[in-house]
Amino acid sequence: MSERFLVAGGARLDGEVHVAGAKNSVLKLMAAALLAEGTTTITNCPEILDVPLMAEVLRGLGCEVEVGGDLGVPPGDRPAGAPSELPAGTVRISVPTRLSSSADFAAVGKLRASVCVLGPLMGRCRSARVALPGGDAIGSRPLDMHQAGLRALGADMSIEHGAVVGSAQTLTGAHIVLEFPSVGATENIMMAAVLANGRTVIDNAAREPEIADLADMLVQMGARVEGGGTSTLTIDGVPELHPTEHRTVGDRMVAGTWAYAAAITRGTVTVRGVQPHLLSSPLERLAGAGASVTAEGGADIRDGAAGESFTVEMTGRPRGVDFITLPYPGFPTDLQPMAFALAAVAEGSSFVTENVFEARFRFVEELIRMGADVRTDGHFAAIQGREQLSSAPVWASDIRAGAGLVLAGLAADGQTEVNEVWHIDRGYPHFVEDLVALGAKVERVG
Ligand code: UD1
């Protein structure tokens, strides 16, 4: 039987928590290292299994990769690789002159994000074969925009025998307008375009902070990228890049999870390691629900110059608030389950619209088993808050759903058993330890 968490309801979280680098950034930064021969070092990496899994993908392409520190996973589950002398949170990638351009299913199948090696391989090798990945069960997640963007640069792209396959004689800059600001497509096209001939403009690009982080690293490597974090990216191709050292941006999803955990337990939590303006939308919703949200030194939470910490305090019962998930800077789909859990115990009703991933409401069935009063219709959900949820055995279906269920368990009577917690471990380093340090009674068993 796989591991599960036993979550006792009723605790009030109180204290400080430190958040490491973003999962959704570090995996792309590791892929970007492929663009330059030599040794690239990435720091502030989160100690989650996806990092060594990505290291395996890169090793399969011919790189030597060292992952520092305790990965927070049992030794039996740890992918191959010699123990490292590197400090925790540091990854060192040595990229050879000649890369293999084929990432097979054995390495890629466990990690949806490994498709981000497609762009770097096309840029560096002008060919790629990347097995289609597994990953979160949150919708169909096609790659049409990734392929269309690379085709616009002159590549032949197809899906063959369960892999996305690309080849090109040359890559030439182009003007690309994305139908939807897809995070993954923006990243892959940007990473191919940095080594293309001439200028690429990506319009309707995704604006997520993790894309700005990737653009910053590419610039440090010698790429000419302007507009990272805005909806127009301008990339002037260069013949080659050089390795670099880069610090991963803090994980706003983990930080946002702690913000909601504080609110749902009517506690006070100071979150360090993430600038609050990267969470403006969810923090404003939390304030609407009755929480007090303060940035370091009393700065405005929307101020880009505010420090890397903020405090959320909730006294009394939260109020229901409506929210709509959208690409950044809208409300992030990855925090929808946590906000949903809060709505389930809020006073009054909340109306939720999910615009990004169609299957995100799968976790609602689990919340209903905990007594939540919810009705869904397509990508809409209406929630009538209850004073308290009722503990039950529940199953995590993806990283964020799992975290949302843990939060729901904190607000339930009795002990909630959250199963399939390997999903949660993929996104939340030291989650149980941090919860316990903040005063929750949570145990990992099995
Ligand atoms: C990334 C994040 C994920 C987050 C999501 C949206 C990583 C590893 N994952 O996922 O945590 O929830 O952004 O903020 O960074 N789509 C297409 N065609 C494409 C590409 C995407 O139709 O070619 C659709 C997807 O099915 C989805 C929507 O666009 O419905 C958003 O996807 P995208 O922004 O690409 O998300 P990911 O990069 O997969």
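**Exercise 1.** Find where glycine 378 is located, and decide whether this residue is buried or exposed.

*Solution.* Start with the secondary structure, where helices (H or I, at least four residues) and strands (E, at least two) are DSSP runs numbered from the N terminus. Glycine 378 lies in the loop that links strand S20 (373-377) to strand S21 (380-384). Next, look up its relative accessible area, which is 61%. Buried means under 20%, exposed over 50%, and partly exposed in between (1.4 Å probe, protein chains only). Glycine 378 is therefore exposed. Finally, check alanine 359: 19 residues separate it from glycine 378 in sequence, and the C-alpha to C-alpha distance is 9.3 Å.

A word on the model: it is predicted, so local features need pLDDT of at least 70 and side-chain atom pairs count only at pLDDT 80 or more, while totals for chains, interfaces and linings use all residues. Residues are numbered from 1 along each chain as its sequence is written, and side-chain values use heavy atoms, leaving out hydrogens and water.

**Exercise 2.** State what share of the 446 residues is buried.

*Solution.* Apply the cut-off from the opening exercise: buried residues make up 58% of the chain.
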